[in-house]
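Biologist: I am new to this structure and would like to go through it with you. Could you show it to me?

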Amino acid sequence: MNISEFKLFLAKSAYTPKEILELLAKDENFYVRESVAKNPKTSKKILKILAKDKDYSVRESVAKNPKTSKKIIKILAKDESWHVREHIVKNPKLPKEILEILAKDENYYVRESVAQNSSTSKEILEVLAKDESYSIRAYVAKNLNIPKEIFELLSKDIVPYVRASVAQNSNVSKEILELLAKDKDSWVRESVALNPNASKEILEILAKDEDSYIRASVAGNPNVSKEILEILAKDKDSYVRASVAKNPNAPKEILWMLAKDDFHWIRARVAQNPNISKEILEMLTKDYSNLVRTYAKRTIEDKKWISL
């Protein structure tokens, strides 16, 4: 280990004395200073010095350090580097008033970071829900903190990606999911079909969708009913039937039917289904496809059943 490597080791170590960390905070190698800034044992006094470092990556590390004081956080929130401002958003000590300022930052990545933050208030999210960037509006749509009013606003966004992001949110209401289930864009409808909170009524509508990817998403939804699975197990599209075969809630009678499907990769999916019976596995270990036999034997081993 050379001297540079030894310095880095000390800068990263939680056992390095504060006096040594203070010396390393002035090291000419920015990697060493950066490591000191990341160290959870670094004192507030040293972090204050490193918050003025000439290298933005060092200041960025100070911004992320949970020991950084609110006073330093307020200073870094105005840093000339957007990298620093972006990472200060992730600091748990960041005051609400600073978050409000950063929500209006000129830099896209800073605003994106605010939109993704689970601590961002509903008031700030309301501002970002009207951001000129559709991807930031999409991040707002995915935030679990947003109220009904923002869900309603973004569910009518002109950009499909934003509406799809609303449909993916686990907190979205049944009423909005029903609305998005009729969306003209297939990406949005597919997102509804994938949502584990989609009701059986919504999934029943989407099970008849002309898009096979949407029907396949319905088939894989943990909330789908046995009746819908029975219909989709006979779907003309093999991709849809494969999704049924993979669903852990698929009843044994459906798995029996799919275990005899013409497509070997569907039978292979059946062999991997956690709900499969020993009788079906016994049949699949004798399948003409090597892939199916391999998966069937592997499942038997995983379930610790007697080797057939």
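Biologist: Is Glu60 buried or exposed?

Modeller: Glu60 counts as buried, at 14% relative accessibility; buried means under 20% relative accessible area, exposed over 50%, partly exposed in between (1.4 Å probe, protein chains only). This is a predicted model, where local features need pLDDT of at least 70 and side-chain atom pairs count only at pLDDT 80 or more, while totals for chains, interfaces and linings use all residues. Residues are numbered from 1 along each chain as its sequence is written, and side-chain values use heavy atoms, leaving out hydrogens and water.

Biologist: What does the side chain of Glu60 meet in a salt bridge?

Modeller: The side chain of Lys64, at 4.0 Å from N to O. A salt bridge is a side-chain nitrogen of Lys or Arg within 4 Å of a carboxyl oxygen of Asp or Glu. Lys64 is partly exposed, at 37% relative accessibility.

Biologist: How far apart are Glu60 and Lys64 in helix H5?

Modeller: They are four residues apart in H5 (residues 56–64), which means a separation of about one helical turn. Helices are DSSP runs (H or I, at least four residues), numbered from the N terminus.

Biologist: How many salt bridges are there in the whole structure?

Modeller: A search finds 15. One of the salt bridges joins Arg111 and Asp131, at 2.7 Å from N to O. That pair links distant parts of the chain, 20 residues apart: Arg111 is in helix H9, Asp131 in the loop between H10 and H11.

Biologist: Which residues of H9 are buried?

Modeller: Among them are Val110, Arg111 and Glu112. Arg111 has a relative accessible area of 8%.

Methods. Helix = DSSP H or I, 4+ residues; strand = E, 2+ residues; numbered from the N terminus.
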